[in-house]
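Trainee: I would like to go through this structure and ask what stands behind each term.

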Amino acid sequence: MSSQDRNKDRSKDQRARWDIKYEQGLPSLTEPDPFFISAYERFVTPSIPKPGVALDLAGGLGRHALWLASRGWQVTVVDLSDVAIGKLRDAALELNVNVDLFAGDAAEYKLEPGQFDLIVLFYHLDRSLFPRIVSALKPGGLLICKMSLRWESGERVAAASTNPLHRNELPSLVAELDVLHHEERPVRDRGVVKFVGRK
């Protein structure tokens with residue numbers, strides 16, 4: 001089996017796993033993350049006073065995209081799960097907001113240079129995406145990001161990710177951005193990094 005076939009199988013397995021999760025509709029997948037709200041108020045509001053163009057990568061049910069769209073942002077959501085995209089389409093209609101939807105792997109989405117004022121990335125790690133994310137931000141654009149990370153080398157690694165971020169790794173992946181906020185702390189059996197950077 002070629003590595004391309006293996007990646008397709010892995011992508012299919014991930015899609016199936018997320019489809020099941022989104023069918024269940026857990027509240028944690030529909031409510032905006034408190035860190036996202038506080039980062040928006042602290043960093044986006046003062047520097048981007050008018051709603052702009054945003055990208056929610058691996059955006060799931062659109063908890064952040066719908067919040068932004070309801071405030072006048074033009075938002076694109078990319079997610080692997082057809083179930084999530086379908087539910088998000090319904091939710092956008094119900095809220096009477098416009099959201100551009102792309103069903104597919106975040107790595108397959110074509111990011112254009114200087115395309116977005118804001119990129120939101122929560123709990124989806126693909127290290128190869130970061131240079132493209134940085135390039136896709138407009139000058140002055142912001143990245144709001146929250147990820148799992150490996151907290152201690154001896155600890156069991158969170159099953160959600162086979163190769164989680166290491167401590168202090170995230171800023172090095174987006175070295176071209178000015179760091180506005182970078183916080184790492186342990187949560188249960190892993191760590192979490194919260195990051196806001198400006199181009």
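Mentor: Start with the contacts in the chain between residues at least 6 apart in sequence: 61% of them join residues at least 24 apart. Contact means heavy atoms within 4.5 Å.

Trainee: What kind of model is this, and how are residues numbered?

Mentor: This is a predicted model, in which local features need pLDDT of at least 70, side-chain atom pairs count only at pLDDT 80 or more, and totals for chains, interfaces and linings use all residues. Residues are numbered from 1 along each chain as its sequence is written, and side-chain values use heavy atoms, with hydrogens and water left out.

Trainee: How many helices and strands does the chain have, and what makes a run count as one?

Mentor: The chain has 6 helices and 7 strands. Along the sequence the pattern reads α-α-β-α-β-α-β-β-α-β-α-β-β.

Trainee: What is the order of the strands in the sheet?

Mentor: The order is β3-β2-β1-β4-β5-β7-β6, in an open sheet of 7 strands with mixed pairing. β3 (99–103) and β6 (178–187) are the edge strands, since each pairs on one side only.

Trainee: How do you know that β1 and β2 pair?

Mentor: Two strands pair if DSSP finds at least two bridges between them. β1 and β2 have 5 bridges, in the parallel sense, so they meet that definition. Val-53 stands opposite Gln-74 in β2. Between these two strands the chain passes through helix α3 (residues 63–69), and the β-α-β crossover is right-handed. That word applies if, with the strands pointing away from the viewer, the path from the first strand over the helix to the second runs clockwise.

Trainee: What joins β1 to β4?

Mentor: 4 bridges join them, and the two strands run parallel. Ala-54 has Leu-118 in β4 as its bridge partner.

Trainee: Which strands pair with β7, and in what sense?

Mentor: β5 (residues 137–149) pairs with β7 (residues 190–198) in the antiparallel sense over 8 bridges. Among the residue pairs, Met-147 stands opposite Val-193, and Leu-142 has Arg-198 as its bridge partner. β6 and β7 are also antiparallel, over 9 bridges, with His-181 partnered by Val-196. The hairpin of β6 and β7 has 2 residues between the strands, and Arg-188 in this hairpin takes a positive phi near 50 degrees.

Trainee: Why is β7 called largely enclosed?

Mentor: Because 8 of its 9 residues are buried. Buried means under 20% relative accessible area, exposed over 50%, and partly exposed in between (1.4 Å probe, protein chains only). β1 (residues 53–57) is likewise largely enclosed by the rest of the structure, because 4 of its 5 residues are buried. For the chain of 199 residues, the buried share is 46%.

Trainee: Where do the helices lie against the sheet?

Mentor: Helix α2 (residues 34–47) lies across β4 (116–122), β5, β6 and β7, and runs at about 165 degrees to β5. Helix α4 (residues 82–95) touches β2 (74–79) and β3, and makes about 165 degrees with the direction of β3. Axes are lines fitted to C-alpha atoms, for helices over the stretch in contact, and angles run from 0 to 180 degrees between N-to-C directions.

Trainee: Why does Asp-79 count as buried?

Mentor: Asp-79 has 5% relative accessibility, so it counts as buried. Asp-79 is in strand β2.

Trainee: Is Ser-81 buried or exposed?

Mentor: Ser-81 is buried, because its relative accessible area is 0%. Ser-81 lies in the loop between β2 and α4, and its side chain reaches the backbone nitrogen of Val-83 at 3.2 Å and that of Ala-84 at 3.0 Å.

Notes
A polar contact is a pair of N or O atoms within 3.5 Å; within protein, one must be able to donate a hydrogen and the other to accept it, and residues adjacent in sequence count only if both atoms are side-chain atoms.
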